[in-house]
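Here are a few exercises to work through with the model open beside you. Try each task before reading its solution.

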Amino acid sequence: MTIGIFSYLVFFLCIVLVLGLITLGLNLQWGFTGLFNAGIAGFYAIGAYTHAILTAAPNPLYLGNLGLPWIVGVLAAMAATALAAWLIGLVTIRLRGDYLAIASFGIAVSIQLVTLNWEALTGGSQGLTRIPKPLSSVFDTPLAYNLWYLALMVTVVALAYFALERILRSPWGRVLRAIREDEQAAVALGKSALRFRLEAFVLGAMLMGLAGALYVSFIGFVSPFDFLPILTFQVWAMLIVGGSGNNRGALLGALVVWSIWAASGALVSKLVPPSHAAQGAAIQVILIGLVLVLMLLLRPRGLIGERAVVSRHAGD
Amino acid sequence: MIAQALFDGILTGAIIALGAIGVSFTLQIMRFANFAHSELLTWGAYLALVFVAFAGPGTPTGPLSFGWQLVAAAGFAAVLTGLLAWAVDAVVFRRLRKGGAHPLTMVFAAFGAALVLRHVVVLIWGHESRYYTRELQMAYEIVPGVRVLPDQIFILALAVLVVIALHLFLTYSRTGMAMRAMAESPPLAQICGIEVDAVIRTTWILGGALAALAGVFTGLTPQLHPEIGFNLLLALFAAAILGGTGSLPGAVVGGLLVGIAENVSLLWISPGYKQAMPFLLLLAVLLVRPQGIFAEKK
């Protein structure tokens, strides 16, 4: 029993860290740069499917399934997501903010259609299976494997966290915040708002793609139903709850919101009879929507919001 | 083949246009993309279903599959959905607006509201498809190669009437003029003494009522399910932006273009990708003419 709880906890934390990585990416885009990404599920799916198509064990039924090494899949996933974000950014970043929201939402819908319909590449609604799990021959029990993967995820998320903290303190990061606060002033100082926005958007999307690759190589298969639009809203709720503009808030939000989601799911499946499963699932989603709206209305800073930074030269 | 696709496109286009009018005016007057608007279509469709459940769809009138009751149901749904839109504004958007929230915070809230609205529909009515009426209809071949259901002609005619009425309202009534002034320039309209809150209220009620009609029409051809609005979301935005936001003719032409593009493209691409068509159209317009087809370049 305790072993059961312990191994569930390890699995749960792995998923939280995957989601935390996505939330860190969104925080770079929204929290620090003010870019509205409504296509998180799409970028995550691009990363996941790129990895799956490149690394899955060869199968004559499919175009992909190239059986390439794990690390190639991970790097290619990041590159593919970056390319998609760059293309969509080129078209929309110069326009008003909510057009980026509409266009990125469109990307997510289109990617979902491709994953469902282009069966030769993506396996359609069946998805792709037999995606190699890294070092699964060394860690051959499920618990040992999950523990090793948890260590891997902690390392990756820690690296991403410190790298983000570092670059956000750098001149590049300061320009991002300057643009977010007052674009005209930043432009007057000779900074290209477009270029910095595009860079932040692409970098954030790369983290989402990385998360996608790490998710499929943890689970070992990929299907379109892991990338439904609800994922986008969950990640937003994570960032808004945790506190946008604060990377620790992003990670905390991922933990809190995913706990709410998992707990409400468990509760619903206990209390709601299987004949009303659709209604039970609806309650879970309504909860996420309420969390999002109530947080915006009552505590827009989030649990731990952005720290006010005052220049040490102020008052000189 | 192409003639049939054109007719089908005009029909879906008319429905999309009714939904897009509200999106377009919200984008222009309140300056935010209301992603919850598609859920007003769904709510309108289901509220009409409630009316039909009590009154029945009526005995088929002439070649139509329904009687006057369904028309009354559409009116009932339009009024209630208009009020629902206004209520959502009062509970969520007005508070954020008064608190000086960033327009993109409003978009976040809109997504949150959309999630709640859509899933309350699932909670009440479940996931199954539903029908207003089970009557079968004969399709008429009006032009060689174009088959049309009488219901579809009815929808098209009613949509045209509604748009004409709305055009007259916007052109000649004081409230209509105030709406257009707000759409042109909110600060300038405010200086001229236009009551901003009243205009915003009218915008919600009108947008909601039109969305309800679009929802009922979608449900009539041929079925309702909780995602009928959500599936049209991209089409609504594409139509609103294509024609240029804040303009009635813009939303109508945008709707027709999106509807026709969707249906004509089916001659070449698999129906699985149909939903991506409005998005591609939208990307093309944003790339070439982001202010929309009709708007003056600012």
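**Exercise 1: a helix pair**

Helix 11 of chain A passes helix 12 of chain A in a right-handed crossing (the near helix is turned clockwise from the far one by less than a right angle). This is a predicted model, where local features need pLDDT of at least 70, side-chain atom pairs count only at pLDDT 80 or more, and totals for chains, interfaces and linings use all residues. Residues are numbered from 1 along each chain as its sequence is written, with chains lettered from A and ligands numbered from 1 in the order in which they are written.

*Task.* Work out how helix 11 and helix 12 of chain A are oriented to each other.

*Solution.* 
1. Helix 11 (residues 247-271) and helix 12 (residues 277-298) of chain A pack at about 150 degrees, their axes 9 Å apart.
2. Angles over 145 degrees count as roughly antiparallel.

**Exercise 2: a length check**

*Solution.* 

**Exercise 3: the chain contact**

*Task.* Find which helix of chain B gives the most to the side that touches chain A.

*Solution.* 
1. In total, 35 residues of chain B are in contact with 33 of chain A (C-beta atoms, placed from the backbone, within 7 Å).
2. Helix 4 of chain B gives the most, with 15 residues.

Methods
Contact = placed C-beta atoms within 7 Å. Helix = DSSP H or I, 4+ residues; strand = E, 2+ residues; numbered from the N terminus. Axes fitted to C-alpha atoms, helices over the stretch in contact; angles between N-to-C directions. Parallel < 35°, antiparallel > 145°, perpendicular 65-115°, else oblique.
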